[in-house]
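Please look at the sequence and the structure before reading on.

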Amino acid sequence: MAEPPVLIRQDEVEGLLHYKDLIPRLEVALGKFSKLDSAEVIQPVRTTVPLQKYNGFLGLMPAYLVHEDILCTKLVCFYKRESGSTLPSTQATVLLFDPEYGNVKAVMDGEVITAKRTAAVSAISAKLLMPAKSEVLTILGAGHQALSHYNVFTETFSFKEVRVWSRRKETAERFAQSTQGHVTVWESVEEAVNGADVIVTVTGASEPVLFGQWVKPGAHVAAVGACRPDWRELDDVLMRQAEVYVDSREGAVAESGDIILSGCLQSLERFSMEQDLPLERRPLCSNPLEWGFKMQSLPSLCLNSGRTNTEDLRIMGWPWM
Ligand SMILES: NC(=O)c1ccc[n+]([C@@H]2O[C@H](COP(=O)([O-])OP(=O)(O)OC[C@H]3O[C@@H](n4cnc5c(N)ncnc54)[C@H](O)[C@@H]3O)[C@@H](O)[C@H]2O)c1
Ligand SMILES: O=C(O)[C@@H]1CCCCN1
């Protein structure tokens, strides 16, 4: 008879999960996942159950690391909340299984895991893709993901200036006061991103909030918020100008409204058809030399609107370069 599962609470997860350990482990996992080799990582596109009555979804996210024999599933409820709602927009739980016996070994808080994993993967994309002398970071959105992204980006890099914008100025001001460093609050997105080297979009928007004409050439955009086919944060101009790097081709094609609604996929598909590339190797990027940059399940995509140093990507161990 199996032992009952261990319960790992949010404060315990918070105390155990540190970016200095999380980032290198995610880089290894990303590398294995990018190989599309099911002998390494089995992580199908998640199943999503609509909760129409509450304008939300339940996501079921299994993953199996074969060599490490780690089997887990994240169950996450996520919602589009009305402005000013006090209800949470995300609630997640992670189950760890004994792959041989089949029982649940641990039930752990998924909120901190989601906040830190997502931000860490955005930081990994920035390590590889942001301009060499990045000085200005702009965060669009002032919620949970905004805070985890602020924390990992200021811990990992040294920006001279950090800016924040939120659709409600008071939430941006509250966010700025809650951080340890100096964060400036901006009234408009256009002003907030003007000259920014790195832009993180972590809003609950359904329509574009970031427009290509405002983004400095070569800037890096870590687009996190639009993780449903009918949600988007980025406009068509940005999607078509940028080199698009995604966590998973299958996931992005199924879930990323920024990719699906901008039509950039069709043009890229057309390109790869013409090149008669094998399906599993088709790029999801505007630049034929850059393969789809695979990242842990969402952020749905990272954009690099300038040249990318592909050598860095090779160094990170992504063999598909
Ligand atoms: N890619 C991933 O892996 C991943 C992980 C977690 C969350 N998300 C998504 O990222 C987004 C932010 O997540 P969170 O946990 O920080 O949520 P949150 O509710 O804590 O914060 C959302 C922020 O977006 C703002 N916002 C909401 N609706 C908006 C709109 N229509 N226009 C502009 N701003 C708006 C809110 O004011 C708030 O500042 C959500 O859409 C969530 O689904 C993605
Ligand atoms: O992959 C995740 O964990 C997130 C949860 C929030 C909605 C989008 N997907």
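At what angle do the axes of H2 and H3 cross? The axes cross at roughly 70° and come within 9 Å. This is a predicted model, in which local features need pLDDT of at least 70 and side-chain atom pairs count only at pLDDT 80 or more, while totals for chains, interfaces and linings use all residues. Residues are numbered from 1 along each chain as its sequence is written, chains are lettered from A and ligands numbered from 1 in the order in which they are written, and side-chain values use heavy atoms, with hydrogens and water left out.

**Helix packing**

- Two packed helices are described by the angle between their axes and the distance between the axes.
- Helices (H or I, at least four residues) and strands (E, at least two) are DSSP runs numbered from the N terminus; axes are lines fitted to C-alpha atoms, for helices over the stretch in contact, and angles run from 0 to 180 degrees between N-to-C directions.
- H2 and H3 are therefore roughly perpendicular to each other (65 to 115 degrees).
- Their contact (heavy atoms within 4.5 Å) includes Tyr19, Leu22 and Ile23 of H2 and Ala115, Lys116 and Arg117 of H3.
- By class, the contact of H2 with H3 has 11 nonpolar, no polar and four charged residues; Ala, Val, Leu, Ile, Met, Phe, Trp, Tyr, Cys and Pro count as nonpolar, Asp, Glu, Lys and Arg as charged, and the others, Gly among them, as polar.
- Helix H2 (residues 19–34) also packs with helix H4 (residues 144–156), at an angle of about 90° and with the axes 11 Å apart.
- The residues joining H2 to H4 in contact include Tyr19 and Lys20 of H2 and Ser148 and Asn151 of H4.
- That contact divides into three nonpolar, three polar and two charged residues.

- Of the nine residues around ligand 2 (a heavy atom within 4 Å), Arg46, Met61, Lys74, Arg117 and Cys227 come nearest.
- Strand E5 (70–79) gives the most to the shell, with three residues.

Conventions: Angles under 35 degrees count as roughly parallel, over 145 as roughly antiparallel, 65 to 115 as roughly perpendicular and the rest as oblique.
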